[in-house]
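User: I am new to this structure and would like to learn how to read a few of its features. Could you take me through them step by step?

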Amino acid sequence: MEARNFITAREMVSDDSWLLTTMNGEPRYEKPPLPTWLAAFGGMLFGFKNLIALRVPSAIITLILVLFSYRFGVYFLKDKKQAFINGLILATSFYVVFAGRNGTWDIFAHGFMIIGIYYIFQFFSSDEKIWRNALVAGTFIGLSFMSKGPVSHFALFLPFLIAYSIVYKYSNFKKKWLPLVGLILVTAAISVWWPYYISIMDGETARAIADKETTAWQNRNVRPFYYYWSFFMQSGAWTVVAFVSLLYPYLKTRVENLKAYKFSLFWTLASVVLLSLIPEKKSRYLLPVLIPLAYTTSFFFMYVFRAFKEQMNKYERIPVYLNFGLIGLVGVAFPIAGYIFLKDNLTGFYTPFAVTSIVLVLIGFFTLKYLYQRKIQLVFYLIIAFLMSVTTFSFPLMNSFLENPKYNSLQEISQKAATEQIPVYMFNIQSPELVWDYGGKVPLLHSHALEAPKEAKFKALVMIGAKKSLEKAFPNHTITYIETFDLNPIDDSKKGYKDRLRTDMYLVAKN
């Protein structure tokens, strides 16, 4: 997905095509262009080989998501400390970290949507600044649509509306109906203009793509209804406590703001249920669920902070000991376990390994110490420090596994093609990573609707094992193998090796 997005951004700039978006020269209208514009600006400023520049917009919107999650928490939780705890939980949840580090567009949709939700909550609940809240909410709900269509509207905004209607009710709309109309009009104007433009300029292609996407929702990656029921595990380090926070019969008598707890809980569960209704399911689609889940989990933490030392019985403490004790043990055991696991790959990585080991051992030791002493707030902040340290220090160690002696990039092919005046085509494939690595558009040859190139000879990139299909498509040509390109960062003997990142190049010449 990241490669697709960045290819589209690159072609926006190279082709000066900012509205009729393309990927490898072919229309790509599946996703609205707002995040792609931001990546394109990064590429214009720092070059399209600078992945950091292309990924920075995702990092920024993730930070905005966390900050507005905090602001929204302050507003409806009425407790700055709990809002701060919620923000830390959200910022360190597994899929939020993942989305913030990669150039995928889901995080933009949900980041803009949480801002819209923050203002529309004020619109519903307060008689002050009605027009400001309506228009700002409409603007950001529209920007969410411009980031990834109705994804966040269905997975985050609609569950919010359901939860609000159950807990807070909708009332006193006599003087709000006109601002509400304004909100809807602003949302519609921002959301609809680009799809409308596409339908006018290239309607037939847009309809074909829409039909294809609809079919994919129904037939691709189909999973059973209960596939998302382990959603709390996507919070990573908070898995156990997140699960406990969902136990309403247990927690309803232990939270101080029951109404707000019910709201965040219903918001979380409504999001999971609605996502479960869609046949196509992927674990990364659970990203919006983590936003209300962080609020829900914060209620359990506030109870734990108050009661862990004296009021909670030994059975209530088990989930806390389990969740944080395991993390503490991981930190203490990291040098030994890490060396056993990495010993064959540590050459050149001893310094980051040593730094990581020292930091994690110290955090792990004090986590276990304070857990034993029942100083649970200190334990919580140590877990935050643990997760930050893992991201900062241990992630570079992953590079110790990246070794593929057959690695061969396509980056120099386009230059050779210009020098040799022999064009390069892709045959039956459009693996986005290959197109991205090539550095420009690669014309695509479809065997089922093939128009042979006009050149007497050309080069064809063909997926491994597909030479016979190439020979069948060009029976009156001499086909000669040139070389293999392999973009896998690991060799083919390891798990995770992907055949789609490898391609053979052939010279195809007319007889």
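Analyst: Let us begin with burial: a residue counts as buried under 20% relative accessible area, as exposed over 50%, and as partly exposed in between, with a 1.4 Å probe and protein chains only. W37 has 18% relative accessibility and therefore counts as buried, whereas W193, at 37%, counts as partly exposed. The model is predicted, so local features need pLDDT of at least 70 and side-chain atom pairs pLDDT 80 or more, while totals for chains, interfaces and linings use all residues. Residues are numbered from 1 along each chain as its sequence is written, and side-chain values use heavy atoms, leaving out hydrogens and water.

User: How many aromatic pairs does the count come to?

Analyst: A pair of aromatic rings is described by the distance of the centres and the angle of the planes. Rings of Phe, Tyr and Trp (its six-membered ring) pair if their centres lie within 6.5 Å, and planes under 30 degrees apart count as stacked, over 60 as edge-to-face and the rest as tilted. By this rule the count is 59 aromatic pairs. Among them is the stacked pair of W37 and W193, with 6.3 Å centre to centre and 25° between the planes. W37 belongs to helix 2 and W193 to helix 9, 156 residues apart; helices here are DSSP runs of H or I with at least four residues, strands are runs of E with at least two, and both are numbered from the N terminus.

User: Which kind of aromatic pair do F76 and Y295 form?

Analyst: F76 and Y295 form an edge-to-face pair, 5.1 Å centre to centre with 75° between the planes, and both residues are buried.
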